[in-house]
Amino acid sequence: MVYEQIVQGGLTTKANPGKATILALGKAFPHQLVMQEFLVDGYFKNTNCDDLELKQKLTRLCKTTTVKTRYVVMSDEILKKYPELAIEGLPTVKQRLDICNDAVTRMAIDASRACIKKWGRPVSDITHLVYVSSSEARLPGGDLYLAGGLGLSPETQRVMLYFAGCSGGVAGLRVAKDIAENNPGSRVLLATSETTIIGFKPPSADRPYDLVGVALFGDGAGAMIVGTDPTPVTESPLFELHTAIQNFLPNTEKTIDGRLTEEGISFKLSRELPQIIEDNIEGFCHKLIGDAGLTDKDYNKMFWAVHPGGPAILNRMEKRFDLLPDKLNASRTALMDFGNASSNTIVYVLEYMIEECRKMKAGSENCDWGLILAFGPGITFEGILARNLAM
């Protein structure tokens, strides 16, 4: 098999016929940049809270998340227009969705345009659209508004993934891969867009877990173009998507628990989440790499594009697989620069991964094969075995 030849040393940066490839990446953010060192004072001022114990706890959390900067839709202007968002117990889901629906569409359009520009082909060549978000709720959905904003053909075939949480970006990539490989000649636009306004709340001693989200999550959008058989000269494939799988862990549905209420979305993240991921990820990855003839001994010869749900998850991944310290650099850098931006974050990780690999010597085995991983509600594992073509 051609894949066996590649593993044994016959390295090529050409895409294999019929295999889906990522042809371009793009991202976009709201205008509001938040420095982590100023977040605590700003958050407590905006919510008119003077609880010193909660403030101290958030200060500690902000340090442990390793986040340095984030982009957010929330602004002084929004709070002036909707002061009820900072008041406990008021029914504000309508106001939140009005803000979120507009914001995620604008960011998705901007990220998609950036991606299409890098791709280099006209928007009319897009045949399919996969849209991912856990930050909006409406009929018709954001996929239609994105298609309209980009000027896509009315014949564009659309798929929408709602409320997949942090695994949504890789889930969308898995769906885009299936579409591309089953529709020869197609070009799939995958767009993700998220904002934390849907869950913004004032601090409360009754909801201490909310502070984790305040310290960790950010807003933004991401986009990819996916297709098979790249056109010579005009298209430059970045990653080939070899195998994609999804698993859910039975009886873990309460570990990441989110509910849409009259006050917006309420999330509860269990303390056991990092441990559950560590306990189950090895078997998942072993299954993923098997088809390419790779073994557990190859983990440190691969690149790792892992959704940075938080530093504890990355640390446990590093420990479980005995990874070299630099293997999760792209994930840690994305977390530091953008926070956990839910489904979008894997786009930022992949961009940093390309930079990491280009720093190495061309043809390095450490950048040939790799894993694209994310974890979301369910608990759901999403994974793609990929080959780097961007060297």
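## Overall build

Of the protein's 391 residues, 56% count as buried. Keep in mind that this is a predicted model. On the secondary-structure side, the protein has 12 helices and 13 strands.

Along its principal axes, the C-alpha trace spans about 65 × 50 × 40 Å.

## Contacts and surface

Take the contacts between residues at least 6 apart in sequence: 80% of them join residues at least 24 apart.

Rolling a probe the size of a water molecule over the atoms shows where empty space is left. One spot to look at here is the second largest pocket, with a volume of about 260 Å³. Its lining is made up of 15 residues. If you want to find the middle of this pocket, go to Pro30, His31, Gln32, Val73 and Arg106, the lining residues that lie nearest its centre.

Which helix gives the largest share of the lining of the second largest pocket? That's H5, with 5 residues. Helix H5 covers 93–119, and along with helix H4 (76–81) it is on the list of elements that each supply at least two lining residues. By class, the lining of this pocket has 9 nonpolar residues, plus 3 polar and 3 charged ones.

Methods:
Residues numbered from 1 in each chain as written. Predicted model: local features only at pLDDT ≥ 70, side-chain atom pairs only at ≥ 80, totals over all residues. Heavy atoms only, no water. 1 Å grid on protein atoms, 1.4 Å probe; cavity = no way out; pocket = protein on both sides within 12 Å on 5 of 7 lines; lining within 4 Å. Points joined across faces, edges and corners; volume = space filled by probe spheres on them. Helix = DSSP H or I, 4+ residues; strand = E, 2+ residues; numbered from the N terminus. Nonpolar A, V, L, I, M, F, W, Y, C, P; charged D, E, K, R; others polar. Buried < 20%, exposed > 50% of the residue type's maximum accessible area, 1.4 Å probe, protein only. Contact = heavy atoms within 4.5 Å.
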